[in-house]
Amino acid sequence: MSADVIHIYSDGACKGNPGAGGWGALLVAGGHRKEIFGGEADTTNNRMEMTAVIQALELLKRPSTVAVHTDSQYVQKGISEWLPGWKRRNWRTADGKPVKNQDLWERLDKLAQHHRIEWNWVRGHAGHPENERADALANKGVEQLQEKA
């Protein structure tokens, strides 16, 4: 990918699963960096992982070349491997059960249509600086939520 790629480093966190959750993302393009985060009171880790990517993609004003870096295999495999089958089967898994988080998968799928995206899985908590920052932002989202409670 070329130099005009927007890199998104995303992460989700949950205190209890389900429980209080947070999401965070770091967007890097050229010399610019933008950090975003937030939280939800009653959610799951997978929903927060997805929300981090969705929130970051929603910030992009025009079709872009994007590299998404996530430590969530659920997000990476879901969007790049499982989604076409789910859509073919009317949002059912291979064993006929309803797809969990269909609302978020539909949002993510719609956003992804506008961009050229490379989906990268990175090992979590392995010292990757940008992934560690996304993790810190996700935890900040949970903390902010708990402070308001």
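Colleague: By class, which residues does the lining of the largest pocket have?
Modeller: Four nonpolar, two polar and three charged residues. Here Ala, Val, Leu, Ile, Met, Phe, Trp, Tyr, Cys and Pro count as nonpolar, Asp, Glu, Lys and Arg as charged, and the others, Gly among them, as polar. One caution: this is a predicted model, where local features need pLDDT of at least 70 and side-chain atom pairs count only at pLDDT 80 or more, while totals for chains, interfaces and linings use all residues. Residues are numbered from 1 along each chain as its sequence is written, and side-chain values use heavy atoms, leaving out hydrogens and water.

Colleague: How do you find a pocket, and which residues line the largest pocket here?
Modeller: Rolling a probe the size of a water molecule over the atoms shows where empty space is left. On a 1 Å grid over the protein atoms alone, a cavity is a set of points where a 1.4 Å probe fits but cannot get out; a pocket is an open set with protein on both sides within 12 Å along at least five of seven lines, and lining residues have an atom within 4 Å of a point. In this model, Asp4 and Ile6 line the largest pocket together with Leu59, Leu60, Lys61, Arg62, Pro63, Ser64 and Thr65. Its volume is about 180 Å³, that is, the space filled by probe spheres set on grid points joined across faces, edges and corners.

Colleague: And aromatic pairs: how many does a search of the whole structure find?
Modeller: Four. Trp82 and Trp86 form a tilted one, at 5.9 Å centre to centre and 50 degrees between the planes. Rings of Phe, Tyr and Trp (its six-membered ring) pair if their centres lie within 6.5 Å, with planes under 30 degrees apart called stacked, over 60 edge-to-face and the rest tilted. Ring pairs also link Tyr74, Trp82, Trp86 and Trp105 into a cluster.

Colleague: Why are Trp82 and Trp86 separated by about one helical turn?
Modeller: Because they sit four residues apart in helix H2, residues 73-88. Helices (H or I, at least four residues) and strands (E, at least two) are DSSP runs, numbered from the N terminus.

Colleague: Where in H2 is the kink?
Modeller: At Trp82, shortly before the proline Pro84, and the kink is about 60 degrees. The bend at a residue is the angle between axes fitted to the seven residues ending there and the seven starting there. End to end, the 16 residues of H2 reach 21 Å from first C-alpha to last, close to the 22 Å expected. The expected span is 1.5 Å times one less than the number of residues. Helix H1 (residues 45-58) has 14 residues and reaches 20 Å, close to the 20 Å expected. Among the buried residues of H1 are Met48, Glu49 and Leu57.

Colleague: What should I look for in the backbone angles?
Modeller: Most residues other than glycine have a negative phi, and most peptide bonds are trans. Here the bond from Asn17 to Pro18 is cis, with omega near 15 degrees. Pro18 is in the loop between strand S1 (6-15) and strand S2 (19-29). Asn90 has a positive phi near 60 degrees, and Asn101 has one of about 65 degrees.

Colleague: Where do Asn90 and Asn101 lie?
Modeller: Asn90 is in the loop between H2 and helix H3 (102-112), and Asn101 lies in the loop between H2 and H3 too. Asn90 is exposed, at 61% relative accessibility, but Asn101 is buried at 15%.

Definitions and conventions:
Buried < 20%, exposed > 50% of the residue type's maximum accessible area, 1.4 Å probe, protein only.
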